[in-house]
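How is this chain put together? Here is a brief structural report, built from computed geometry.

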Amino acid sequence: MKLKIALFGIAKEIVGISSLDLDTPAGQSVTGLMQQLQAQYPALRELSSLAVAVNSEYATDNYQLQERDEIALIPPVSGG
C-alpha cells in the first residue's frame, strides 16, 4: 500500500523533504513503518523520541495503518 507521511522539525531536516510517499506491505504497523523509515534514513534512529500521529491522533506502536490514513512524524519539541 502507498502511504503519504508528513514530516516536521528535525525529521523533515533528516529526510530532506516535508512530505514522503512510501510503499509498505498491507497491514503495516506503526512499528513496522518506523523500522522501514529508519532503514532508509538511519539518522532517524538518533532521535530520542519520535511520535507518530495517524488521522490527527497519536498512534500506538501496534496500530495497523490503512492506505488512506494521514500520517505525521512529530519529533520532540522543546521550549522555554
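The report below covers the model, the overall fold, the sheet and the helix packing.

## Model and conventions

This is a predicted model, where local features need pLDDT of at least 70, side-chain atom pairs count only at pLDDT 80 or more, and totals for chains, interfaces and linings use all residues. Residues are numbered from 1 along each chain as its sequence is written, and side-chain values use heavy atoms, with hydrogens and water left out.

## Overall fold

The chain holds two helices and five strands. Both kinds of element are DSSP runs, numbered from the N terminus: helices are H or I with at least four residues, strands are E with at least two. In sequence order the pattern reads β-α-β-α-β-β-β. The radius of gyration is 12 Å, close to the 12 Å from the globule rule for 80 residues, so the chain is as compact as a globular protein of that length. This radius is taken over C-alpha atoms, and the rule is 2.2 Å times the number of residues to the power 0.38.

The C-alpha trace spans about 40 × 25 × 20 Å along its principal axes. Of the 80 residues, 35% count as buried (under 20% relative accessible area, 1.4 Å probe, protein chains only). The accessible surface comes to about 5,000 Å², by the Shrake-Rupley method with a 1.4 Å probe. Carbon and sulfur atoms account for 49% of that surface.

## The sheet

The five strands form an open, mixed sheet in the order β2-β1-β5-β3-β4. Two strands pair if DSSP finds at least two bridges between them.

Strand β1 (residues 2-7) runs antiparallel to β2, with five bridges joining them. Ile5 has Leu20 in β2 as its bridge partner. Toward β5, the pairing of β1 is parallel, over four bridges. There Lys4 stands opposite Glu70 of β5. β5 also pairs with β3, in the antiparallel sense, over four bridges.

Which strands does helix α2 touch? Helix α2 (residues 30-40) packs on the sheet against β1, β2, β3 (51-54) and β5 (70-74). Contact means heavy atoms within 4.5 Å. The direction of α2 makes about 105 degrees with that of β2. Axes are lines fitted to C-alpha atoms, for helices over the stretch in contact, and angles run from 0 to 180 degrees between N-to-C directions.

Methods:
Buried means under 20% relative accessible area, exposed over 50%, partly exposed in between (1.4 Å probe, protein chains only).
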